[in-house]
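Hello,

Here is the structure I promised to pass on to you. Please open it first, and then read my notes below.

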Amino acid sequence: MRRVDEGSFTTGAGYVKAVGSKVTKKFEVGDPVLLSFDHCTKCTQCRTGHPAYCDLFNPLNLGGEAATFKGADGDVTGQFFGQSSFASLSAVKQTSLVNVKGLIKDEDELKLFAPMGCGFQTGAGTVVNLAAATSEDSVVVLGLGGVGSAAILVGQHSNSRCYGKGLLIDRRQAAKIVGCQKVIGVDRVKSRLELAKTLGATDCLDTSSADLNIVEEVKKLTGGEGSRIVIDTTGVPALIEAGLEFAASRGKLIFIGVPPSDYSLSVHVLTAIKVRLLSVSARSLAKAGGDRVSVRTELLTSIIHRRGDS
Ligand SMILES: [Zn+2]
C-alpha cells in the first residue's frame with residue numbers, strides 16, 4: 001500500500017499497490033484505503049463486535065508479532081498498530097483496512113480522513129457510544145488533541161454553524177450529531193482552545209491561567225449542576241480528580257488518557273458514588289467487520305462535507 005497521509009503512526013491512508021494471495025476481502029490495486037488497528041476476528045470480543053477489546057490486541061498491535069512479511073532484503077518485523085504507517089509503503093493485513101473506494105473523491109480528501117482510524121473514532125465513539133450523550137447533556141472534554149477535538153465536533157451544540165479547518169457540517173444533517181446543551185473544552189494551549197470554538201465548543205477553559213478554578217467554573221457554566229459527561233483525554237491526575245468533583249449526579253467520568261503508570265485514583269466513596277466511572281479502550285466507535293465500514297461511511301458521507309460541496 002502506498003501511504004499518502006503525513007500524520008500519525010496509529011492511522012494512515014493510501015492506495016493499494018498489491019493484494020496478497022490470502023486476502024479474502026474485496027481489495028483491488030488502486031483502491032483508496034484507510035488504516036486502523038489490527039484484531040484477530042476470532043475471539044469473543046471480536047465476534048461480538050468489539051475488536052478494540054480483542055484478546056490479542058497488544059501482541060497484534062504493539063509489536064508482539066515477528067516476521068509477518070517476508071522480503072527479498074529480509075523479513076519485515078515492524079508492524080506497529082497492525083500497519084506501521086510511518087512508512088511510505090506499508091504491508092498491511094486486511095483486518096486493518098477499510099476500503100473507501102467510491103467515498104473518497106481524490107488524494108487530498110484521502111489524506112484528510114486518515115485520522116479516522118484512531119483519534120477521530122475514539123473521540124467520536126466515546127460521545128456517541130460509551131457516553132450515549134443526548135441533547136440534554138453537558139459535556140466537558142479535558143484535553144483538545146485529536147481525540148478531544150473529535151469529541152467536541154460530535155458533541156457540539158446543535159446551533160453551531162461552521163466548523164473546522166476546511167470542513168463544513170451540513171446543517172441539514174447536523175441533527176445526526178448529538179447537539180449537547182453545553183460542550184466545554186479544556187486545554188492549556190490557546191490555539192487548541194481557539195480551534196475547539198470553531199468545532200462547536202460552547203465554552204473553553206484555559207488551564208494555563210493561574211486564576212482558573214476549574215471545578216467552580218464548570219459548575220457555574222452548568223447552572224450549578226456540574227457536567228453530566230466528563231471525558232478525560234489527558235491522563236493528568238489533577239484534571240481527572242477535578243473531573244470527579246465537577247461531574248453531575250448520575251454523571252459519567254470517562255477515562256481515555258493514559259495517566260502515569262504508578263498513579264491510582266483515590267475515590268471518596270460517599271462523594272463519588274453519584275458518578276459512574278468508565279474507562280474506554282481507544283477506538284470505541286469501531287465495530288467488527290462491516291460495521292466498521294458502515295460507521296465510517298456514515299461519517300464520511302452524511303456528516304462531513306468539504307466546504308463548498310453542499
Ligand atoms: Zn480478537
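Does A132 count as buried, partly exposed or exposed? A132 counts as exposed, because it has 11 C-beta neighbours inside 10 Å. By the cut-offs, a residue is buried with 20 or more other C-beta atoms within 10 Å of its own, exposed with 12 or fewer, and partly exposed in between, with C-beta atoms placed from the backbone.

Before you go on, please note that this is a predicted model: local features need pLDDT of at least 70, side-chain atom pairs count only at pLDDT 80 or more, and totals for chains, interfaces and linings use all residues. Residues are numbered from 1 along each chain as its sequence is written.

A132 is not a glycine, yet its phi is positive, at about 50 degrees. You will find A132 in the loop between helix 4 (119-130) and strand 7 (138-142). Helices (H or I, at least four residues) and strands (E, at least two) are DSSP runs, numbered from the N terminus.

T41 is not a glycine either, and has a positive phi of about 75 degrees. T41 sits in the loop between strand 3 (32-35) and helix 1 (44-47). It counts as partly exposed, because 14 C-beta neighbours lie inside 10 Å.

Now for a pair of helices. In helix 7, I214, V215, V218 and K219 meet A242, E245 and F246 of helix 8; contact here means C-beta atoms, placed from the backbone, within 7 Å. By class, this contact has 5 nonpolar, no polar and 2 charged residues, where Ala, Val, Leu, Ile, Met, Phe, Trp, Tyr, Cys and Pro count as nonpolar, Asp, Glu, Lys and Arg as charged, and the others, Gly among them, as polar.

Happy exploring!

Definitions and conventions:
Two residues are in contact if their C-beta atoms, placed from the backbone, lie within 7 Å.
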